[in-house]
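Here is a short note for a first look at this structure. Please read the points in order, with the model open beside them.

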Amino acid sequence: MSNHPTLGLGFYWQDLKEGQVFQTIRRTITETDIVNFISCTGMLEVIFIDTTYDGAIQGRPAPGALTYGIIEGILMQTMVQGTGLALLEVHKKMLAPVVAGDTVWAEVTITGVKPTSKKNRAVVSSHVDVKNQRGEVVISYDVKRMLAGRDE
């Protein structure tokens, strides 16, 4: 093991302050994403499996859970990689459809950092707005996570 800094690690709770805003990278939702997701989860609802279905959504709709999962995956790989200890609470609203070919990203605002009484941890609250390529909010959620602290 070397003494070089490790790339790709998340934030310790001490690195975060209420009011900070972050933007994730962007990710295009593909037909393959939709097919793989609905197949492995069993979300084989007609709106997702029948391209001739005449629903209210134009295009190939993606389940809201897929879009949420992709954003959470981006956050796992960046913001909380190696420092996330637990997902404690999530309150989300699906506001607009996402279809194959849409590109999503998120704006994350830290809304609270509350250190716990033991083991150098804190509950970090944030508000996440998931947006599409037009900047429209498609999912909005509030989340609380337990993050590790930096050894001092």
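Predicted model: local features only at pLDDT ≥ 70, side-chain atom pairs only at ≥ 80, totals over all residues.

**Notes on a strand pairing and a helix packing**

1. Start with the strands. Strand β5 (residues 121-131) and strand β6 (residues 137-148) pair in the antiparallel sense, over 11 bridges.

2. Asp-129 has Ser-140 of β6 as its bridge partner.

3. Now look at the turn. β5 and β6 form a hairpin, and five residues lie between the two strands. Gly-135 sits in that turn, with a positive phi of about 80 degrees.

4. Strand β4 (residues 103-115) pairs with β5 in the antiparallel sense, and 10 bridges join them. Find Lys-114: Val-123 in β5 stands opposite.

5. β4 and β5 also form a hairpin, again with five residues between the strands. Here the turn residue to check is Lys-119, whose phi is positive at about 65 degrees.

6. How much of β5 is covered? Mostly covered is the answer: of the 11 residues in β5, nine are buried.

7. Move on to helix α1 (residues 31-41). Its buried residues include Asp-33, Ile-34, Phe-37 and Ile-38. Viewed down the axis of α1, the buried residues fall within an arc of 115 degrees, so they line one face of the helix.

8. What does the other face carry? The face of α1 turned away from the buried side holds Ser-39 and Cys-40, which are exposed. After α1 comes Gly-42, and its phi is positive, near 80 degrees.

9. What do the buried residues of α1 pack against? They pack against β2 (27-28), α2 (46-49) and α3 (64-78).

10. Take the α3 packing in more detail. Two packed helices are described by the angle between their axes and the distance between the axes. For α1 and α3, the angle is about 110 degrees and the axes are 10 Å apart. Angles of 65 to 115 degrees count as roughly perpendicular, and α1 and α3 are therefore roughly perpendicular to each other.

11. Which residues make this contact? From α1 come Asp-33, Ile-34 and Phe-37; from α3 come Ala-65, Leu-66 and Ile-70. By class, the residues of the α1 and α3 contact are five nonpolar, one charged and no polar.

Technical notes: Residues numbered from 1 in each chain as written. Heavy atoms only, no water. Buried < 20%, exposed > 50% of the residue type's maximum accessible area, 1.4 Å probe, protein only. Helix = DSSP H or I, 4+ residues; strand = E, 2+ residues; numbered from the N terminus. Pairing = 2+ DSSP bridges. Arc of directions from axis to C-beta. Contact = heavy atoms within 4.5 Å. Axes fitted to C-alpha atoms, helices over the stretch in contact; angles between N-to-C directions. Parallel < 35°, antiparallel > 145°, perpendicular 65-115°, else oblique. Nonpolar A, V, L, I, M, F, W, Y, C, P; charged D, E, K, R; others polar.
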